[in-house]
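Subject: Structure handover

Hello,

Here is the structure for you to look over. My notes follow below it.

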Amino acid sequence: MQLFKTDLCLLCSSPIAPTINWESLLFGPNQKPICEKCYAQFSPIREPACKICNRSLDKLNPKFYQDGVCNDCIKWQQSSKWKNVLEKNTSLFEYNDFMAEVIARFKYRGDYAMAKIFSQQLKQLLQNIDYDLLVPIPLSEERLYERGFNQADSLALEAGAEPINLLRRIHSEKQSKKSRNERIHLPQVFQLSQAAPPFQNKHILLIDDVYTTGSTLRQAAVILLQAGAKTVQSLTLARG
Amino acid sequence: MLFLKKDEYVIPQQLVKGEAGEFVRITDMTNPKALPVDPTFPFNQNLQLFLSGRKLLLDEIPFSLEEIHNHYLHGYVDYRQGVIFDGKRLYCCRCGNKDAVFFASFHCARCKKKCWYCRKCIMMGRVSQCTPLIIWTGPTPHFSFQKSLKWQGTLSPSQKDASIKIKEAVRERKELLVWAVCGAGKTEMLFEGIEEAIQSGKRTAIATPRTDVVLELTPRFQQVFPDIPIASLYGGSEDRHRYSPLVIATTHQLLRFHEAFDCLIIDEVDAFPYSADEMLQTAAELARKKNGSLIFLTATPKEVWQAECYRGKRNCVILPARFHRYPLPIPSFGWCGNWREKVKKGQIPLKILQWVKSRLVSGKQALIFFPHIELMEQALPYFQKMDGRIEAVHSEDPNRKEKVQAMRTGDIPILLTTTILERGVTFPNIDVAVVGAEDDTFTESALVQIAGRVGRSPQFPTGDITFFHYGITRAMIRSRNQLLRMNRQARMKGLIDS
Ligand SMILES: [Zn+2]
Ligand SMILES: [Zn+2]
Ligand SMILES: [Zn+2]
Ligand SMILES: [Zn+2]
């Protein structure tokens with residue numbers, strides 16, 4: 001007798017045997033979105049990690065960090081404009097080749113179901129972070145139409161959260177190959193969305209798919225702080 | 001995208017200027033009839049050449065929506081549904097997927113609704129409920145190339161038989177199975193059939209499951225058909241924008257075609273993913289014209305087809321001999337006990353050890369097939385104790401190409417492999433062993449293909465094939481019988497010399 005139907009791995013389509021234990025008998029099968037073989041190819045962020053950007057430090061040469069903070073973050077902290085703009089970033093996984101493929105399939109191929117892979121883990125992370133509002137990094141209207149959905153928004157929704165759009169993108173997404181210095185002096189990318197509800201003194205959590213240089217998230221954070229947010233943190237699926 | 005619905009036709013939302021009305025998704029409309037073709041319309045020939053026989057997403061068409069829509073209004077283009085949902089069942093019109101497991105939905109920024117899309121063919125771009133598939137409904141381009149085949153070679157008698165049957169199938173728009181043993185030379189026997197097809201203006205495609213084969217066949221065909229523009233299509237290929245009388249493509253690429261081919265040739269019909277995948281069968285069905293001919297090439301047809309051939313229920317031609325006129329080497333069976341347990345304990349069964357050692361001594365190269373990557377990698381160090389140059393290769397091996405190359409140059413004496421080297425790759429003078437031939441991975445067709453690696457070159461037409469096993473399976477017996485039967489037939493017909 002088959003108690004529960006077998007699910008297929010969202011990534012490789014191989015069948016996943018449902019785990020059956022007392023919990024699953026009470027609450028229904030705990031459905032895993034992907035198989036163990038695929039899951040093993042993601043690399044979770046491990047401690048020690050940078051206190052600010054959550055990048056793993058264990059594989060990093062010790063001369064690239066100090067007191068648990070990576071050199072990139074030290075530079076951000078040295079700039080008067082960017083100091084403490086982003087309180088902290090939390091990421092689930094490292095941005096390895098496998099993650100890059102999954103994100104490409106999610107964003108560029110448009111396979112929305114990829115968001116479901118991470119819903120349980122994001123949900124848990126969200127429970128452990130103290131925040132008032134969850135704000136997705138927005139896409140420009142053209143890009144949103146092209147893709148059909150905003151990946152940051154989808155990650156939040158699939159994790160059972162209620163993302164709130166406080167921001168609007170005024171600049172295109174193309175973060176061309178600019179030097180870090182140029183990026184630090186980038187013109188405004190975001191502005192407040194007209195429909196934004198008041199958020200004075202609120203703790204805000206930004207959500208996006210990847211933290212690469214941290215400049216997009218900081219661009220968003222600075223606008224929110226200027227408009228009265230108390231603190232801004234971020235949560236991303238992957239740390240590039 | 002959305003459409004403004006009029007009585008007789010539709011207008012894409014992007015092109016609507018101030019007109020009011022109901023905007024709907026293509027999935028929510030009953031397909032309006034394609035508009036009648038206006039013969040006086042000065043249609044864009046480039047669009048015709050690009051779109052004819054295709055079934056594409058708007059994003060895949062490098063012409064403006066205005067121009068596409070103008071052709072629609074004159075009956076030269078039609079918008080078709082991408083994903084259909086009748087409230088219970090979903091259906092993807094591009095790949096034929098109707099399995100609920102392979103659909104997902106999201107709140108769509110294009111149609112502002114819950115929008116179902118097909119995950120089965122997502123790698124070709126997303127088709128959802130609000131995505132139209134665009135097809136050409138105007139006249140198809142004409143072409144005719146006389147005497148296009150420039151080939152000096154000659155066909156063997158059995159290749160000649162097959163070639164005649166293929167020509168007949170092309171001419172009479174029939175279905176044909178070409179059952180040719182590994183090494184029969186199946187490419188050459190297609191030449192005359194394809195020449196005839198192209199001469200009579202019949203658009204032809206050769207579809208194969210593997211990109212490697214597309215890359216190998218394209219220059220070969222281009223050489224013998226120097227004046228024919230050939231489109232070579234695979235995931236990531238460039239020349240999508242040409243109308244070609246001859247298309248060489250991976251089976252996946254057929255999903256972008258719509259009633260395009262008068263003659264469709266499907267290579268390795270037994271191989272993954274075609275036979276494994278209903279999607280690609282549908283694709284082949286949809287890419288071919290309703291009355292087009294369909295030619296299957298295989299060394300190992302499935303059991304049902306074999307029976308149909310022998311009972312005369314299926315139009316087929318059998319090539320039982322290799323072009324070099326030597327018989328097919330026949331596998332022998334060698335019981336090797338519970339080899340899995342042994343490998344786990346760090347041992348290799350004695351019989352296998354002896355087989356390997358005698359190859360290392362005589363200096364003859366060999367391939368050793370394993371059913372699974374894990375066991376193969378566990379066994380590798382023990383093989384390397386005999387000779388440090390022994391290597392293992394599998395489908396996810398990043399150094400796969402280099403290892404195959406090192407085998408070619410003789411730098412690797414013995415290569416352990418999963419079934420990825422079961423077809424396609426040939427080495428001139430090798431022996432072959434299968435470890436765990438009883439495993440389900442080794443189907444009848446896989447074993448025939450593996451045996452087909454041996455004795456391919458006229459200089460070295462023989463070699464040893466041993467199936468090491470822990471219990472003889474039906475597949476092992478059937479594969480051996482298949483090869484024996486082929487040799488018998490070839491002898492009867494005088495196609496082999498010994
Ligand atoms: Zn998987
Ligand atoms: Zn850092
Ligand atoms: Zn599909
Ligand atoms: Zn939609």
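Donors themselves are N, O and S atoms within 2.8 Å of the metal (3.2 Å for Na, K and Ca); water is not among the atoms, so sites may look incomplete.

This is a predicted model, in which local features need pLDDT of at least 70, side-chain atom pairs count only at pLDDT 80 or more, and totals for chains, interfaces and linings use all residues. Residues are numbered from 1 along each chain as its sequence is written, chains are lettered from A and ligands numbered from 1 in the order in which they are written, and side-chain values use heavy atoms, with hydrogens and water left out.

Zinc sites

Start with the zinc ion (ligand 2). A:Cys50, A:Cys53, A:Cys70 and A:Cys73 coordinate it through SG, at 2.3 Å. The arrangement is tetrahedral because the four donor atoms subtend angles of 105 to 118°. Along the chain, the donors of ligand 2 follow C-x2-C-x16-C-x2-C. Helices (H or I, at least four residues) and strands (E, at least two) are DSSP runs, numbered from the N terminus. Both A:Cys53 and A:Cys73 are buried. Buried means under 20% relative accessible area, exposed over 50%, partly exposed in between (1.4 Å probe, protein chains only).

Next, the zinc ion (ligand 1). Its donors are the SG atoms of A:Cys9, A:Cys12, A:Cys35 and A:Cys38, at 2.3 Å. Angles of 104 to 116° between the four donor atoms make the ligand 1 arrangement tetrahedral. The spacing is C-x2-C-x22-C-x2-C. A:Cys12 lies in the loop between β1 (7–8) and β2 (15–16) of chain A, and A:Cys35 in the loop between α1 (22–27) and α2 of chain A, so the pair ties together parts 23 residues apart in sequence. A:Cys12 is partly exposed, at 38% relative accessibility. A:Cys35 is buried, at 9%.

The zinc ion (ligand 3) belongs with chain B. B:Cys92, B:Cys95, B:Cys118 and B:Cys121 are its protein donors, each through SG, lying 2.3 Å from it. Here the donor angles run from 104 to 113°, which makes the arrangement tetrahedral. The donor residues of ligand 3 are spaced C-x2-C-x22-C-x2-C. B:Cys95 is buried at 0% relative accessibility, and B:Cys121 is buried at 2%.

Which residues of α5 (residues 119–128) of chain A are buried? They are A:Ser119, A:Leu122, A:Leu125 and A:Leu126. On the face of α5(A) turned away from the buried side are the exposed residues A:Gln120, A:Gln127 and A:Asn128. The buried residues of α5(A) pack against several elements of chain A, including β6 (133–136) and β9 (203–211).

Both faces of β6(A) are covered: A:Leu133 and A:Val135 are buried on one side, A:Leu134 and A:Pro136 on the other. β6(A) pairs with β9(A) in the parallel sense over four bridges. Two strands pair if DSSP finds at least two bridges between them. A:Val135 has A:Leu206 as its bridge partner in β9(A).

Chain B

Chain B has 13 helices and 23 strands. Of its 498 residues, 57% count as buried. Three of the strands form an open sheet in the order β2-β1-β3, with antiparallel pairing. β2 (10–12) and β3 (23–24) of chain B stand at the edges, each with a single partner strand, so one side of each has no neighbour in the sheet. Two bridges join β1 (residues 3–5) of chain B to β3(B). B:Leu4 has B:Phe23 as its bridge partner there.

Last, B:Met123. It is found in the loop between β9 (114–118) and β10 (133–136) of chain B. B:Met123 is partly exposed, with a relative accessible area of 44%. Leaving aside neighbours within four places in sequence, B:Met123 is in contact (heavy atoms within 4.5 Å) with A:Arg105 and A:Arg109.

Best wishes

Key:
Four donors count as tetrahedral if all angles lie between 85 and 135 degrees; four count as square planar and six as octahedral if opposite donors are over 155 degrees apart and all others between 65 and 115; anything else is irregular.
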